[in-house]
Amino acid sequence: MNYGNNIGIVPLTDAAGITQPFKPGKHYGVDIGWYKEKNWAVLAWQDGKVVAKGYYTDTGYYVALEHTYATTKRWSVYIHLRSNAIVNVGSKVVLGQKIGTRGTSGSSAGVHLHLYLTSEISKN
C-alpha cells in the first residue's frame, strides 16, 4: 500500500493498524498489528541504506535504515524481529523490499512490529 507519491509504505503487507501508539516519554514508535498470520515479511518503509542490525535485550532483533532527502537524513528502526535481519549493514534497500521477519524477540508482549521513525539516531 503506497501513500502519496511513493513517500512511504506500511511496512507489513497485511497490516491491520496501530495496536500501540506513540506515547512521549513512554513508548517511542508505534506497534503495528495485522489481520492474518500468513505473511510474516517486514518491508522497508522507504528507499535507504542499512546502517545497523543486531540484538539488544529490550528491542530483540532490530534493523535500522538511513533515508536521505536532499541534504536531510532520517532513520527508520524495525524492532522485535523474529531473527537477525536478512539485509546487511552497508547495503541499499528499496521501498517495499523484504528486510526481515516479524516476531516477538526481546521485551515483547506478542508478535508485532515496533516501527520507530526518527530524525536523530544514537551512534553508540
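1. Basis. This is a predicted model: local features need pLDDT of at least 70, side-chain atom pairs count only at pLDDT 80 or more, and totals for chains, interfaces and linings use all residues. Residues are numbered from 1 along each chain as its sequence is written, and side-chain values use heavy atoms, with hydrogens and water left out.

2. Aromatic pairs. The structure holds two. Rings of Phe, Tyr and Trp (its six-membered ring) pair if their centres lie within 6.5 Å; planes under 30 degrees apart count as stacked, over 60 as edge-to-face and the rest as tilted.

3. Tyr55 and Tyr61. This pair is edge-to-face. The centres are 4.8 Å apart, with 65 degrees between the planes. Tyr55 is partly exposed at 44% relative accessible area. Tyr61 is also partly exposed, at 28%. On the cut-offs, buried means under 20% relative accessible area, exposed over 50%, and partly exposed in between (1.4 Å probe, protein chains only).

4. Tyr56 and Tyr62. The ring centres lie 5.4 Å apart and the planes meet at 10 degrees, so this pair is stacked. Tyr56 is partly exposed, with 43% relative accessibility. Tyr62 is buried, at 13%.

5. His80. His80 sits in strand E8, residues 72–81. Strands (E, at least two residues) are DSSP runs, numbered from the N terminus. His80 is buried, with a relative accessible area of 6%.

Notes. Helix = DSSP H or I, 4+ residues; strand = E, 2+ residues; numbered from the N terminus.
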